[in-house]
Amino acid sequence: MEKDHRLKRIETYVKKQFEHDTTGHGFDHMKRVALWSRKLAVEEEVDPVLAEAAGWLHDIGDEKLFTNPDKALEERNRLLLELNFTLIQKNEINKAIETVSFRKGKKPSSYLGAVVQDADRLDAIGAIGIARAFTYGGAKGQSIDNEEGDTSSSIQHFHDKLLKLSGMMNTESGRLEADRRHRFMEKYLLEFSREKQLD
């Protein structure tokens with residue numbers, strides 16, 4: 001019962017932080033990553049409570065999303081200790097979160113980190129990933145596609161990142177879901193290409 005209460009408190013905290021986000025990193029993203037972290041943790045025999053907690057908190061302190069990342073990280077650590085996670089558990093959660101980001105290019109050094117990174121990457125691909133890519137691109141003023149090879153367009157983002165993710169999964173259960181989502185993105189890009197051929 002205590003564990004559920006702790007996760008509920010974390011969920012409430014995260015909702016306050018991200019409920020107004022319009023970049024594709026909103027509360028709905030955090031919830032999906034948290035629940036996929038738990039699901040993968042169960043399948044991979046990793047502590048599901050620590051995995052879900054890390055999933056909820058994985059974007060707290062992200063430099064892209066916070067004006068004062070250090071303050072956000074301090075607050076995150078304080079919350080975990082207030083909720084009676086041990087110092088070791090807090091450090092395990094933080095260590096897992098440190099390796100989530102694709103941009104930083106870090107390989108997880110724990111099974112906990114592996115499942116949380118996989119969960120976050122799953123949310124970047126497939127139907128939801130497509131929606132998030134265009135949401136983020138719009139929020140940042142990027143074009144959808146550019147005939148002159150605009151390297152910051154949303155379509156270019158598929159080639160720079162999204163199509164690479166299925167081959168970078170850490171867990172077998174994450175890989176199976178990623179393969180399905182990858183195939184869907186490939187179909188989408190083929191249809192996108194067909195529809196834009198006007199001559």
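**Reading the terms against the values**

Analyst: F158 has a relative accessibility of 0%, so F158 counts as buried, a word that means under 20% relative accessible area, with exposed meaning over 50% and partly exposed lying in between (1.4 Å probe, protein chains only). This is a predicted model, in which local features need pLDDT of at least 70, side-chain atom pairs count only at pLDDT 80 or more, and totals for chains, interfaces and linings use all residues. Residues are numbered from 1 along each chain as its sequence is written, and side-chain values use heavy atoms, with hydrogens and water left out.

User: Why is the pair of F158 and Y188 called stacked?

Analyst: Rings of Phe, Tyr and Trp (its six-membered ring) pair if their centres lie within 6.5 Å, and planes under 30 degrees apart count as stacked, over 60 as edge-to-face and the rest as tilted. The ring centres of F158 and Y188 are 6.2 Å apart and their planes meet at 25°, so the pair is stacked. Because F158 lies in helix 8 and Y188 in helix 9 (residues 172-196), the pair ties together parts that are 30 residues apart in sequence; helices here are DSSP runs (H or I, at least four residues), numbered from the N terminus. Y188, at a relative accessible area of 26%, is partly exposed.

User: How many aromatic pairs does this rule give, and what makes the pair of F134 and F158 tilted?

Analyst: The count comes to six aromatic pairs. For F134 and F158, the ring centres are 6.0 Å apart and the planes stand at 45°, so this pair is tilted. F134 is in helix 7 and F158 in helix 8 (residues 154-160), 24 residues apart, and the pair links distant parts of the chain. With a relative accessibility of 22%, F134 counts as partly exposed. F134, F158, Y188 and F192 form one aromatic cluster.

User: How do you know that R6 lies over the face of F85?

Analyst: A charge sits over a ring if NZ of Lys or CZ of Arg is within 6 Å of the ring centre and within 35 degrees of the ring normal. R6 is 4.1 Å from the ring centre of F85 and lies over its face, while the charged end of K15 sits over the ring of F27, 5.5 Å from its centre.

User: Why is helix 3 described as largely enclosed?

Analyst: Nine of the ten residues of helix 3 (residues 48-57) are buried, so the helix is largely enclosed by the rest of the structure. Among these buried residues are V49, E52 and W56.

User: Why do E45 and N84 count as exposed?

Analyst: E45 has a relative accessible area of 76%, so E45 is exposed, and N84, with 54%, is exposed as well. E45 is placed in the loop between helix 2 (27-44) and helix 3, whereas N84 lies in the loop between helix 4 and helix 5. Neither is a glycine, although phi is positive in both, near 60° for E45 and about 70° for N84.

User: Which residues of helix 4, helix 5, helix 6 and helix 7 aside, what kinds of residue make up the lining of the largest pocket?

Analyst: The lining divides into ten nonpolar, eight polar and 13 charged residues, where Asp, Glu, Lys and Arg count as charged, Ala, Val, Leu, Ile, Met, Phe, Trp, Tyr, Cys and Pro as nonpolar, and the others, Gly among them, as polar.

Technical notes. Helices (H or I, at least four residues) and strands (E, at least two) are DSSP runs, numbered from the N terminus.
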